[in-house]
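Subject: Structure for your review

Dear colleague,

Please find below the structure that I am handing over to you, together with its sequence. My notes on it follow directly after.

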Amino acid sequence: MLASHIATKNVEKEVVEVLEKLNIEYRMINRTNLDQSNFAWADLILPIGGDGTFLLAANLIFDNQKPILGINSFPERSEGYLMLPAKYTRRIPEIFELLKAGRYRSIMRGRIRVTLKGESIWEPPFHTHEKGRVAGGERFYTQELQEGGHNNLPKERRLPWLALNEVFIAETLAAKTSTLVINVDDGKKYHTVKGSGLCVSTGTGSTSWYKSINSVNPQIVKEILKLVDEKRDFSENEISTICSNFNNSLHYSAEELKMCYAIRDMIITDVWPVPKHLEPRGFCNKFTVRSQCFDASLVLDGGIAMPFNFGTVAVLETLPEDCLRALSLID
């Protein structure tokens, strides 16, 4: 942790030196001053750190024309899937040379908009890692809380964050069963499902948690193939190829506006069968969820969370105006 902090500060210092040399105005933002006005002010957002830092910054950008470019400050320990390639960590001046020369392209990454409906939708947010409020997070669209209480507030609220990877809904205590009533693409029926939670992902997030939930491993494939043909002995290479092909098929383009969903550890018994016309995972353009939980959370990108308890409804959508303009360099 200390090594990561030192590495981030060193990269941060070098970025500042380059910006000052180029006479570019900048503001340094961290968790203590996560005011959305700083993001509205900027012409370019430069998260320095890892994917978590990138996601936190992306949550607070609402303009699909506002570009973001992430610098991986510690590639030795951070994959940095959303950041620039690791080579640029040691070549900071080159980043700005390429930007100035116009040698970059934009990826319009789809994001999930969440609209809450119900009585308890104005509770303050908290952070899953800290078990407390996000610094400054309670200021976004919650000023009215100080003026009159929940009864005077609207019963519908668009959350002031956009999810780049996924929205996860479940009981906060992982050992508890989550009961949710769901509707896919404004279908005629609502379905009650039980399991370990619901993950609704973007194309960007289809390589992340969604893929981990749905991936198959060699042991499972080997056992299934044994049931298909007891006499044939499948090679390790064949099994590995099947796993790889299936797991890679879970990914789709970050620029597609459709969402993918997965009901995690869906409970299926004689008493509680799979609802008709509902797959445990699939694609959708709109997803509606009503909570039947008692201590649940709706979590955006594994960080910012909102209470999501009995009777509260969430509508999840991806719209063109909510896309994130992520830059990549052409070298």
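How many salt bridges does a search of the whole structure find? The search finds 13, a salt bridge being a side-chain nitrogen of Lys or Arg within 4 Å of a carboxyl oxygen of Asp or Glu. Before the details, please note that this is a predicted model, in which local features need pLDDT of at least 70 and side-chain atom pairs count only at pLDDT 80 or more, while totals for chains, interfaces and linings use all residues. Residues are numbered from 1 along each chain as its sequence is written, and side-chain values use heavy atoms, with hydrogens and water left out.

Salt bridges

Glu-94 is paired with Arg-91, and their closest N and O atoms are 2.8 Å apart. Both partners are partly exposed: Glu-94 has a relative accessible area of 22%, and Arg-91 has one of 33%. Here, buried means under 20% relative accessible area, exposed over 50%, and partly exposed in between, with a 1.4 Å probe and protein chains only.

A further salt bridge joins Glu-119 to Lys-155, with 3.2 Å between the closest N and O atoms. Glu-119 lies in the loop between β5 (113–117) and β6 (126–127), and Lys-155 in the loop between β6 and β7 (156–158), so the pair ties together parts that are 36 residues apart in sequence. Helices (H or I, at least four residues) and strands (E, at least two) are DSSP runs, numbered from the N terminus. Glu-119 is exposed, at 55% relative accessible area, whereas Lys-155 is partly exposed at 36%.

Lys-258 and Glu-256 also form a salt bridge, the closest N and O atoms being 3.4 Å apart. Lys-258 is partly exposed at 26% relative accessibility, and Glu-256 is partly exposed at 33%.

Helix packing

Helix α1 packs against helix α4 (residues 92–100) at an angle of about 45°, and their axes are 9 Å apart. Axes are lines fitted to C-alpha atoms, for helices over the stretch in contact, and angles run from 0 to 180 degrees between N-to-C directions. The two helices are therefore oblique to each other; angles under 35 degrees count as roughly parallel, over 145 as roughly antiparallel, 65 to 115 as roughly perpendicular and the rest as oblique. The crossing of α1 past α4 is right-handed, a term used if the near helix is turned clockwise from the far one, and left-handed if it is turned anticlockwise by less than a right angle.

Within α4, Ile-92 is buried, at 0% relative accessibility. The C-alpha atoms of Ile-92 and Thr-318 are separated by 34 Å, and these residues are 226 apart along the chain.

For α6 and α7, the packing angle is about 110°, with the axes 9 Å apart. This makes α6 roughly perpendicular to α7. The crossing of α6 past α7 is right-handed. Ser-235 is found in the loop between α6 and α7 (236–249) and is partly exposed, with a relative accessible area of 33%. Its C-alpha atom is 9.3 Å from that of Lys-222, a residue 13 positions away along the chain.

Surface patch

Ile-220, Ile-224 and Val-228 make a nonpolar surface patch of about 280 Å². Patches are made of residues with over 30% relative accessible area and no salt bridge, like charges being joined within 9 Å and nonpolar side chains (Val, Leu, Ile, Met, Phe, Trp, Tyr) within 5 Å. Accessible areas come from the Shrake-Rupley method with a 1.4 Å probe, and for residues only the protein chains shown count as cover. Ile-224 lies in helix α6 (residues 218–228) and is partly exposed at 47% relative accessibility.

Backbone angles

Most residues other than glycine have a negative phi. Asn-23, however, has a positive phi near 60°. Asn-23 is placed in the loop between α1 (2–21) and α2 (36–41) and is exposed, with a relative accessible area of 71%. Asp-185 likewise has a positive phi, near 55°. Asp-185 lies in the loop between β9 (178–184) and β10 (191–195), and is partly exposed at 35% relative accessibility.

Yours sincerely
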